[in-house]
Amino acid sequence: MSSKKHARIIGMGSYLPSKILSNADLEKMVDTNDEWIFSRTGIKERRLAGETEYTSEMGAKAALKALENAGVAVEEIDIVLVASMTPDYISPSTAVIIQRLIGAKNAAAMDLQAACTGFIYGLSMAKAYIESGMYKNVLLIASEKMSAFVDYEDRNTCVLFGDGASAAVISKEHSGLSIDAICLGADGEMAELLYIPAGGSRQPSSTASLENRQHYIKMEGKELFKHAVRQMAGASKECLAKAGLSDTDISWLIPHQANVRIMDAVAKNFSMPKEKVFKTIDKYGNTSASSIAIALDELQQQYDIQKGEHLLLVAFGAGLTWGASVLTKI
Ligand SMILES: CC(C)(COP(=O)(O)OP(=O)(O)OC[C@H]1O[C@@H](n2cnc3c(N)ncnc32)[C@H](O)[C@@H]1OP(=O)(O)O)[C@@H](O)C(=O)NCCC(=O)NCCS
């Protein structure tokens, strides 16, 4: 498939807060232990944003790095898209706060909510804007302060999530990672498998909702696990077919970093050695929308991806939502 006309990622940047929450720290907070967490999830530690370190601030820091790496001036950005399930406010969007923080004065700005699949949904929007000719430069940011919505009294969820941000500049020209194919999906029948019951218009904040801890993430882990494997494997296959590639053409699989066992189970569907599945989960846990973008950024820093190499991104998240994308180095 020719990559010539496709939108491409021309620069990335990430931001991880410095504070580390280790499994040993969690042992002091809930009834858990390092052996359980690591063997069931692959997570050793995760990062926590400071109290006044917001989703917008982390996103802005990642965005400035991405702009620098892309060699694009902030004034050249046409739209700021922010993928997040942990926005600063319900309204206005985190995108406008980031627009203000970085001075993207010529840009439109909006948030998109597809939970952990947010970065891939965002890539699809950036691709459409650019390939339609509507915009030249899109700044896509994924930023999550999961710790603001995690119940640190619930061992089923608090061991999994971490904070962090990553950003990508997507443009029409220059070398980078061509966005060759994207496949997206959703199934609202399972909306409550992972959700935050209160704080929205359906159950506005009240003394009762706070007392019942309804402002925190609630999750059916076992059910999600099964759907995650099935949907990520399906989306990957569909996207490879769309790109006209087979699994042996892929240099790296970059899955959403939710659970190492989910990633390995997805990889089993492909003739892909485990070493070609890129993982950051041990260090950062599940950073929701940011996870794939942080991993993609780190992959490019650690390995010199050569022209013509193909990467496969695949994600899954609350909603349910899922998506995959084939990228080619050009
Ligand atoms: C959550 C998850 C790690 C649990 O792993 P699992 O192997 O399915 O574990 P189970 O749910 O079978 O629980 C096994 C036992 O461990 C217990 N347990 C749960 N969390 C624990 C913890 N942090 N420490 C110790 N024990 C724990 C459970 O209570 C259960 O005990 P029980 O058998 O007495 O009821 C796993 O299901 C998962 O990763 N699911 C997907 C979650 C996800 O990705 N969410 C985000 C989507 S983007």
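Domain bounds here come from an automatic or database domain assignment. This is a predicted model, in which local features need pLDDT of at least 70 and side-chain atom pairs count only at pLDDT 80 or more, while totals for chains, interfaces and linings use all residues. Residues are numbered from 1 along each chain as its sequence is written, and side-chain values use heavy atoms, with hydrogens and water left out.

A pocket is an open set of points, on a 1 Å grid over the protein atoms alone, where a 1.4 Å probe fits and protein lies on both sides within 12 Å along at least five of seven lines; its lining residues have an atom within 4 Å of a point. Volumes are the space filled by probe spheres set on the points, which are joined across faces, edges and corners. In the table, Ala, Val, Leu, Ile, Met, Phe, Trp, Tyr, Cys and Pro count as nonpolar, Asp, Glu, Lys and Arg as charged, and the others, Gly among them, as polar.

| Pocket | Volume | Lining by class |
|---|---|---|
| Largest | about 900 Å³ | 15 nonpolar, ten polar, four charged residues |

The lining of the largest pocket draws at least three residues from each of domain 1 (3-174) and domain 2 (180-329). Of its 29 lining residues, Met85, Gln113, Ile196, Ala198 and Gly200 are the closest to the centre of the largest pocket.

For the second largest pocket, 26 residues form the lining, and those closest to the centre are Leu160, Met219, Gly221, Lys222 and Asn259. Because domain 1 (3-174) and domain 2 (180-329) both give residues to this lining, the second largest pocket lies between them.
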